[in-house]
Amino acid sequence: MRRRWSQDESETRRPKDRGGQFLFVLYFVCTILLVMSRLGHDTLREARAAFTDYATPVLEKASLPVTYVRRAVDRASDYADGVAEIDRLKAENERLRHWEWQAKRLERRLAQMRTLLNGVEEPALEFVTARVIADARGPFVRSVLVNAGTAQKIKLGYAVINADGLIGRTVRVGESISRVIMLNDLNSRIPVLVGPAGVRAILTGDNGPEPRLEFLSDDDNVYEDDEVYTSGHGGVFPRGLRIGKVKPATGKGFRVKPYVRLSQIEYVSVLFYDSPLSQAKQISGSQSLVTKPPALHAKAERPAATEAR
Amino acid sequence: MIDSATRPAVVRESILPSLFVLGSVVIASMPWGLAGNATFILPSCTVAVIFVLSAGERPLVPVWAVFAAGLASDFLTAGPLGYWAIIHLLTYSIARMVSPQTRHWQWIVLWVCFIVAIAVVGVTGWGLASLYFLRPIDWHPMLNGAIGAAIAFPVILLVLTRLFGLDHRRSRAIWSEPL
């Protein structure tokens, strides 16, 4: 005899089926979103920018107690190591006073040489200081959100630094919030110079704590503890921003230990640096900066005929 | 139809837990200054919260809230949309699968069940991320996150039990067993 579902059983069975179907639909939606993200769909980019703009007030308020907690923890650890910290700071102060004198002397010499060579003076960089309000680190990106955007005249691609050195650059800018991709992010590529010899390389992030130096040739003179700084090539970053020191990588190659403690950033400075190429394009309007070379096989104009004497 | 008699129950059993999950997503995205390898600990704790709130006889947090929290996490972390949403939905699904049995379990058995669940979720998350980048990504942060969440699970279970009065819901529910 066929069993007939009672009315109670069918009523309890229907919500469960609907729940399972709804869950399946959500999984499907997630898969579609993942594929669209992989393809880099513009709609998702705009939706993300709009969401972070709306979330700014919440993130700003929520991050304040976190900032106080971190400062309290740092202060407590400073008190715990009070005496040792004072000794360390005294020694560092002595070294820095010596370097201050050296820097002033070199500055005077540089100004004299610039005058002799009639060199072009690089303009001073303006900047705005912003606070980190969200730490957006995951398996895909190493980035932070800062509470400054187009309202503070920030644009895409501006370099972001703090007192220790380069942190990264802005990759998305909303009205009052910007996303800063860090120099150890998987998508970060920074042209750099290494050491006193100024060896050219590309600093490549891999989401690890120390990015790699790539495109070095075998005969390049790169040594451990060499200074790494931005080269300015490509016009993305101004030249001379300090990044870190060279460390040997496990296996072959070199990595760079950044001066900035990328996991503990609180305040950043966003440099208003527009690359010279983009500035020139703005000045010249639609005119191309690249002049076409004369055609190789164009006939040369015949000189005016002169009577042979 | 929600009337005045059932409204407190709806608020306590659906809206408040959903807001709690969303709040844990926001807290996980705050700049706590954690080291690079510890970045997954707080998001994994959110996964533990979803597991606890979903593993009862009737889930306290609706599936759309779990999805929305995952999507919010995707927006905040600048990762691809849908990644954390899938992770959260997977956690919810695993919790719902074991929910008929949890009525007879001690809390320590639920803890072991969560450890298995976070391992499955962690491997899936690593696989999905590696597929997205088309190369194997570093698994250390994910492992550290799973371990951190597994260690924090008893505290999370205790807090949520006290917060949402879970031990008053059913006489034979696991939450009524003293921790």
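Before you click anything, one definition: a residue is buried under 20% relative accessible area, exposed over 50% and partly exposed in between (1.4 Å probe, protein chains only). This is a predicted model, where local features need pLDDT of at least 70, side-chain atom pairs count only at pLDDT 80 or more, and totals for chains, interfaces and linings use all residues. Residues are numbered from 1 along each chain as its sequence is written, chains are lettered from A in the order in which they are written, and side-chain values use heavy atoms, with hydrogens and water left out.

**Stop one: the interface.** Select chain A and chain B. Their contact (heavy atoms within 4.5 Å) takes 39 residues from chain A and 40 residues from chain B.

Now pick A:Phe51, in helix α2 of chain A, and B:Phe75, in helix α3 (residues 63–77) of chain B. Helices here are DSSP runs (H or I, at least four residues), numbered from the N terminus. Rings of Phe, Tyr and Trp (its six-membered ring) pair if their centres lie within 6.5 Å; planes under 30 degrees apart count as stacked, over 60 as edge-to-face and the rest as tilted. These two have centres 4.4 Å apart and planes at 15°, so they're stacked. A:Phe51 is partly exposed, at 26% relative accessibility, while B:Phe75 is buried, at 11%.

**Stop three: two tryptophans.** Jump to B:Trp107 and B:Trp111, whose ring centres are 5.9 Å apart with planes at 20°, so this pair is stacked. They sit four residues apart in helix α5 (residues 107–133) of chain B, about one helical turn.

**Last stop: a cluster.** Select B:Phe40, B:Tyr83 and B:Trp84, which form one aromatic cluster.

Key:
Helix = DSSP H or I, 4+ residues; strand = E, 2+ residues; numbered from the N terminus.
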